[in-house]
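Hi,

Here is the structure I promised to pass on. Have a look at it, and then read my notes below.

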Amino acid sequence: MAATSISATGLCCSSSFFGGWGSTVAGEDYPALLAKQGPVQVGMGKPVRSRPMMKNVNEGKGVFAPLVVVTRNIIGKKRFNQLRGKAIALHSQVITEFCKSIGADGKQRQGLIRLAKKNGERLGFLA
């Protein structure tokens, strides 16, 4: 007794399942069908991922940018970034104390800190 199967082209009555998995695909031998298509190239290498650039859009612009660049070149990048980090931390503390004194909530404080960062970028402090 032959098994009846339904293919993409319709009802096929001549196919039986006794031949194995690769016996027929729409009336053709499946391994032969793959061989007709030719070799398939699969990339096995690790994908190249570019590093995100954390660059200031206003770099080199602003009133204080030349002074910041000269200072960074004189004292070195590592020491400059340490000093910049300390200055930013102190400024954030001043903003926090100001918000406490006027009774502003955390959301308003964060808004003021973001505003200070934008102003610093525009003035050239973050060049």
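A quick definition to start: buried means under 20% relative accessible area, exposed over 50%, and partly exposed in between (1.4 Å probe, protein chains only). Bear in mind that this is a predicted model, where local features need pLDDT of at least 70, side-chain atom pairs count only at pLDDT 80 or more, and totals for chains, interfaces and linings use all residues. Residues are numbered from 1 along each chain as its sequence is written, and side-chain values use heavy atoms, with hydrogens and water left out.

Now the salt bridges (a side-chain nitrogen of Lys or Arg within 4 Å of a carboxyl oxygen of Asp or Glu). The count comes to two. One joins Glu97 and Lys100, at 3.8 Å from N to O. Lys100 is exposed at 61% relative accessibility, while Glu97 is partly exposed at 48%. The two sit three residues apart in helix H3, so about one helical turn separates them. Helices here are DSSP runs (H or I, at least four residues), numbered from the N terminus.

The other bridge links Lys117 to Glu121, with the closest N and O atoms 3.6 Å apart. These residues are four apart in helix H4 (residues 106–123), again about one helical turn.

How do H2 and H3 cross? Their axes (lines fitted to C-alpha atoms over the stretch in contact, with angles from 0 to 180 degrees between N-to-C directions) come within 6 Å and cross at roughly 125 degrees. On H2, the contact (heavy atoms within 4.5 Å) includes Val68 and Ile75, and on H3 it includes Phe80 and Leu83.

Cheers
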